[in-house]
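Hi everyone, thanks for making time.

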Amino acid sequence: MAHPSQLGFQDAASPVMEELLHFHDHALMIVLLISTLVLYIIVAMVTTKLTNKYILDSQEIEIIWTVLPALILILIALPSLRILYLMDEINDPHLTIKAIGHQWYWSYEYTDYEELGFDSYMIPTQDLASGQFRLLDTDHRMVVPIESPIRMLISAEDVLHSWAVPSLGVKMDAVPGRLNQAAFIASRPGVFYGQCSEICGANHSFMPIVVEAVPLEHFEKWSSLMLEDA
């Protein structure tokens with residue numbers, strides 16, 4: 001999860017998030033090179049009194065500064081399109097979970113089970129146990145198996161919400177009357193935190209998301225216990 005004074009992204013916990021981090025570094029390097037070149041040209045123009053009369057009216061340099069930006073845009077666009085297709089690709093999900101946004105909490109339904117569902121509320125500050133995070137921990141975590149394709153069906157019951165977990169590279173709007181679809185694969189065990197990323201009302205910042213990724217055998221034990229309690 002994020003920590004105070006952190007400048008970069010959270011550590012990736014899914015293949016898609018790893019690709020997003022690589023694309024971010026790729027695009028940032030291109031922007032850095034362009035900024036350095038522009039700064040150098042500005043400094044050179046300001047500090048020198050010399051001019052080259054052949055550059056002032058040159059077809060060759062006009063071709064270069066037209067073609068070069070087009071090539072740079074292609075270098076950025078191709079990896080971006082690849083990641084967009086990867087994020088939309090959902091092949092044979094092992095588990096489907098429906099997340100419904102309410103004012104102001106999330107409810108989860110494991111659609112592959114008949115009666116496995118629960119509401120997830122933020123734990124008030126005065127009720128936090130040692131080691132739990134203020135404004136981020138919930139009374140019920142969304143538990144998923146690791147290394148399994150998970151399909152999320154996301155909707156809302158009242159106003160616009162947004163289901164977002166940065167470590168997993170997932171962010172999808174929850175729209176009343178509409179089912180939006182997202183997918184992720186948790187590549188390692190862990191607890192991953194997110195929050196509603198839509199300004200959905202007074203308690204917008206008090207409906208956190210907690211995803212706990214566990215090995216498959218632990219997930220099966222958890223689901224059996226939840227079904228027994230239901």
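A quick word on the ground rules. This is a predicted model, where local features need pLDDT of at least 70, side-chain atom pairs count only at pLDDT 80 or more, and totals for chains, interfaces and linings use all residues. Residues are numbered from 1 along each chain as its sequence is written, and side-chain values use heavy atoms, with hydrogens and water left out.

Okay, the overall picture. The protein has four helices and 10 strands; helices here are DSSP runs of H or I with at least four residues, strands are runs of E with at least two, and both are numbered from the N terminus. Going along the sequence, the pattern reads α-α-α-β-β-β-β-β-β-β-β-β-β-α.

What about the dimensions? The C-alpha atoms fill a box of roughly 85 × 40 × 35 Å along the principal axes. The radius of gyration is 24 Å, while a compact globule of 230 residues would be near 17 Å. That radius is taken over C-alpha atoms, and the globule rule is 2.2 Å times the number of residues to the power 0.38. Of the 230 residues, 32% count as buried. Buried means under 20% relative accessible area, exposed means over 50%, and partly exposed is in between, using a 1.4 Å probe and protein chains only.

Now the part near the start of the chain. UniProt, in an unreviewed entry, lists residues 27–51 and 63–85 as "transmembrane region". Those positions are in the numbering used here, feature names are shortened, and annotations may be inferred rather than shown by experiment. In the model, residues 27–51 are 84% helix and 0% strand, with the end C-alpha atoms 33 Å apart. Residues 63–85 are 100% helix and 0% strand, and their end C-alpha atoms are 33 Å apart.

On to the strands. As a reminder, strands of a sheet pair through backbone hydrogen bonds, either parallel or antiparallel. Here, two strands count as paired if DSSP finds at least two bridges between them.

Strand 1, residues 95–102, runs antiparallel to strand 2 and is joined to strand 2 by six bridges. A hairpin with two residues connects strand 1 to strand 2, and Lys-98 stands opposite Glu-109 in strand 2. Strand 2 also pairs with strand 3, antiparallel, over four bridges. How many residues of strand 2 are buried? Five of its six, so strand 2 is mostly covered.

This is also where the rings come in. Rings of Phe, Tyr and Trp (its six-membered ring) pair if their centres lie within 6.5 Å; planes under 30 degrees apart are stacked, over 60 edge-to-face, and the rest tilted. The structure holds eight aromatic pairs. One of them is Tyr-108 with Phe-118, tilted, at 5.8 Å centre to centre and 50° between the planes. Tyr-108 sits in strand 2 (residues 105–110) and Phe-118 in strand 3 (residues 117–120), 10 residues apart. Tyr-108 is buried because its relative accessibility is 1%, and Phe-118 is buried at 9%. Tyr-110 pairs with Phe-118 too: the centres are 6.1 Å apart and the planes at 40°, so this pair is tilted. Tyr-108, Tyr-110, Phe-118, Phe-219 and Trp-222 form one aromatic cluster.

Strand 9 and strand 10, residues 208–214, pair antiparallel over six bridges, with Gln-195 opposite Pro-208 in strand 10.

Last stop: Ser-148, in the loop between strand 4 and strand 5 (149–156). Buried or exposed? Ser-148 is buried, because its relative accessibility is 8%. What does Ser-148 touch, beyond its neighbours within four places in sequence? His-94, Phe-184 and Ile-185, where contact means heavy atoms within 4.5 Å.
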